[in-house]
Amino acid sequence: MKLYNTMTQQVEQFVPLEPGKVKIYTCGPTVYNYAHIGNLRTYVSEDILVRSLRFLGYEVIRAMNVTDVGHLESDADEGEDKMLKGARRERKTVWQIADYYTDVFFQDMEKLHLQKPDIVMRATDQIDEYIEFIQVLQDKGYAYQAGGNIYYDVSKFPDYTKLSRMPLENLQHGSRGEVSLDENKRNPYDFALWFTKSKFDDQEMKWDSPFGRGYPGWHLECSVISLKALGEQLDIHCGGVDHISTHHTNEIAQTESYTGRKWVNYWWHAEFLITDEGRMSKSKGGFLSLSRLQELGYDPMDYKYFLLGSHYRKQLMFSDEGMDSARTAYQKLKERTLALEEAIETEAYLDQFKAALADDLNTANALTLLYAVLKDDSLKSGEKRYIIQQMDTVLGLDLFREKEHDLDVETIERLIAERNAAKSEKNWARADEIRQQLIDMGISIMDGKDGTTWKVN
Ligand SMILES: [Zn+2]
């Protein structure tokens, strides 16, 4: 298996810490809103990584955090509190918001046929561990208290920029690109481990600690959860490229300060989904959730097919045309796979397929091979089915499931009526919930001048 390692900036032969076993940590979602399809691209790529390793014979254990603590707009602990903003928008408590969007996130993962990580831990369940971690950093001289908060002193970690390879001055802090103006810090690049005082006195999630009643900094949770779930060393740490310069940089500094040893062997990063307005992000209005994509008439598998056509380390331009051609191609592909006869075992093509995966997850080549199988006249129909079934255990394109046609029209119409009633009462949260319920049933709804219409996805 060859993988690109951000730390060395090279494609390297993958060698696990323990032969045959792989420990992977993936940064999880922040659950104050729907994941946008750009975020989901990272999770799709990570799923391909995990499934490929398993297909190649490795025993994989993967852990992920869920960021359910209120956090700020930017990596640099500035801006508005995201969880609180979500709660205000939807008139719920921060805890309800976190629960609701955690559920939605895992539903999105299911819709995309992504395997759930073996270990999932919520940030809010690790408070004692954060306190212990911070105390160790204090004892070792890496952390200091100032103005009521605890900060990590980046000047104590000489290799601070080893992942980003950027001069410290180039690091973008703050949503507007400036260095944090927090006057309590010794160095402008120091980051908070624990807040008792911030600009946000209305932060609702707070815990008692030896440093005062407050809440943890964002970067802390990934270090603590990965140590707890997977031990002191990891084979692979995954995330989006936007995490390289600050979040992962800070994770490395604090974890290696805590353990006193190298933490991660391979840093793996997925590129952005972009639109003609630039990178898709939650802070810009009009981001696309998977549910929204379904409302627009696409199946989650259309989107996955669209993603797999390009390499995870390349930026991918999202467009209606791209999605339309992915939908057409996916539907045609599925018609062909469903028409194949009962599976007959064969070894044909599987070595080539493994080689495509082992080539830094070349999913585009893997898809090309899949089409080559369909076209190959020397194979029996059942052999084609067998090979493609094997391939689909990695690609997860759901190529052999027939659509369910048993429609409960009465329930659909009742839900739509309930949703319209909720909308007229301006109960948007309830209206959203019902829309989600319909989407989960495979129904898209369209609001038009003549009322609401629906169709089966
Ligand atoms: Zn993380």
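Q: Why are H4 and H5 called roughly perpendicular to each other?
A: This is a predicted model. In it, the axes of helix H4 (residues 127-139) and helix H5 (residues 218-230) cross at roughly 100°. Angles of 65 to 115 degrees count as roughly perpendicular. H4 and H5 are therefore roughly perpendicular.

Q: How do you know that H4 and H5 meet?
A: Two residues are in contact if their C-beta atoms lie within 7 Å. By that rule, Glu 129, Tyr 130 and Phe 133 in H4 meet Leu 220, Ser 223, Val 224 and Lys 228 in H5. These contact residues divide into four nonpolar, one polar and two charged. The helix axes come within 10 Å.

Q: What makes strand E3 largely enclosed by the rest of the structure?
A: A residue is buried if 20 or more other C-beta atoms lie within 10 Å of its own. Five of the six residues of E3 (residues 21-26) are buried, so the strand is largely enclosed.

Q: How do you know that E3 and strand E4 pair?
A: Pairing needs at least two bridges. E3 and E4 (residues 59-66) have six, in the parallel sense. Thr 26 stands opposite Met 64 in E4.

Q: What joins E3 to strand E10?
A: Three bridges join E3 to E10 (residues 234-240), and the strands run parallel. At least two bridges are required for a pair. Ile 24 has Ile 236 in E10 as its bridge partner.

Q: Which unit do E3, helix H1 and E4 make?
A: With H1 (residues 37-55), E3 and E4 make a right-handed β-α-β unit.

Definitions and conventions: Residues numbered from 1 in each chain as written. Predicted model: local features only at pLDDT ≥ 70, side-chain atom pairs only at ≥ 80, totals over all residues. Axes fitted to C-alpha atoms, helices over the stretch in contact; angles between N-to-C directions. Helix = DSSP H or I, 4+ residues; strand = E, 2+ residues; numbered from the N terminus. Parallel < 35°, antiparallel > 145°, perpendicular 65-115°, else oblique. Nonpolar A, V, L, I, M, F, W, Y, C, P; charged D, E, K, R; others polar. Buried ≥ 20, exposed ≤ 12 C-beta atoms within 10 Å, placed from the backbone. Right-handed = clockwise from strand over helix to strand, strands pointing away.
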